[in-house]
Amino acid sequence: MNQDVKDYVAQKAKELLSVRPSCPEAKAAAQNWLDAMGTDREAEQTKKLIAELEMDIMPIDGLIAFTKSATGVRIFGEERVKKMEAHAKELKEAGVKYCDCPACAAAEAILEKKDELL
């Protein structure tokens, strides 16, 4: 793996660690990957990071569905989920594939480097 790619992914992994809300499993995978950099565990942790982010990143249709759910309303409140739904629909119309929250944006940036990481 190219050092520039490693540096980029490390930056995005650190971003993922710093944002809220963010999936605890994704944060753990990012931290484990950072801890394994330069060790004999790096390749294994890279695969685990990619697998975790692929499971956790929120597709835009999933975000739209979430904003219509009772859970979405309970977590964010009615007014906020309506704004989130409108935003998600705008994103979908623009061809965006995933949620654009900071956690999903960091995950997407890492996943874009998947072929270079593996």
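This is a predicted model: local features need pLDDT of at least 70, side-chain atom pairs count only at pLDDT 80 or more; totals for chains, interfaces and linings use all residues.
Student: Where do Lys48 and Glu44 lie, and what is the N to O distance of their salt bridge?

Tutor: Both Lys48 and Glu44 belong to helix α3, which covers residues 42-56, and they are four residues apart, about one turn of the helix. An α-helix has 3.6 residues a turn, so residues three or four places apart point the same way. Lys48 is partly exposed at a relative accessible area of 46%, and Glu44 is partly exposed at 41%. Their side chains meet in a salt bridge with an N to O distance of 3.1 Å.

Student: Are Lys83 and Glu79 buried or exposed?

Tutor: Lys83 and Glu79 are four residues apart in helix α6, so about one helical turn separates them. Their side chains meet in a salt bridge at 3.6 Å, N to O. The cut-off to apply is over 50% relative accessible area, and by it both Lys83 and Glu79 are exposed.

Student: Which residues of helix α4 are buried, and against which helices do they pack?

Tutor: In α4, which runs over residues 60-67, the buried residues are Ile60, Leu63, Ile64 and Thr67. Seen down the axis of α4, these buried residues fall within an arc of 100°, so they line one face of the helix. Ala65 also lies in α4, but at 48% relative accessibility Ala65 counts as partly exposed. The buried residues of α4 pack against α5 (70-76) and α6 (78-93).

Student: How far apart in space are Ala65 and Glu85?

Tutor: Ala65 is a residue of helix α4, while Glu85 takes part in the salt-bridge network with Lys68 and Lys89. In sequence, Ala65 and Glu85 are 20 residues apart, and from C-alpha to C-alpha the distance in space is 8.4 Å.

Student: Which residues that line the largest pocket are the closest to its centre?

Tutor: About 590 Å³ of space lies in the largest pocket. The elements that give two or more residues to its lining are α3, α4, α5, α6 and α7 (102-111). Of the 26 lining residues, the closest to the centre are Pro21, Phe76, Cys99, Cys101 and Cys104.

Student: How far apart do the C-alpha centres of domain 1 and domain 2 lie?

Tutor: The protein chain has eight helices and zero strands, and its C-alpha trace spans about 50 × 25 × 20 Å along the principal axes. The chain is divided into domain 1, made of 1-57 + 101-117, and domain 2, made of 59-99. The C-alpha centres of these two domains lie apart by 24 Å.

Student: What percentage of the residues in the protein chain is buried?

Tutor: Buried means under 20% relative accessible area, a class that includes Ile60 and Leu63 of α4. Of the 118 residues in the protein chain, the buried ones make up 36%.

Technical notes:
Residues are numbered from 1 along each chain as its sequence is written. Side-chain values use heavy atoms; hydrogens and water are left out. Buried means under 20% relative accessible area, exposed over 50%, partly exposed in between (1.4 Å probe, protein chains only). The arc is that of the directions from the helix axis to the C-beta atoms. Contact means heavy atoms within 4.5 Å. A salt bridge is a side-chain nitrogen of Lys or Arg within 4 Å of a carboxyl oxygen of Asp or Glu. Domain bounds come from an automatic or database domain assignment. On a 1 Å grid over the protein atoms alone, a cavity is a set of points where a 1.4 Å probe fits but cannot get out, and a pocket is an open set with protein on both sides within 12 Å along at least five of seven lines; lining residues have an atom within 4 Å of a point. Grid points are joined across faces, edges and corners, and a volume is the space filled by probe spheres set on the points.
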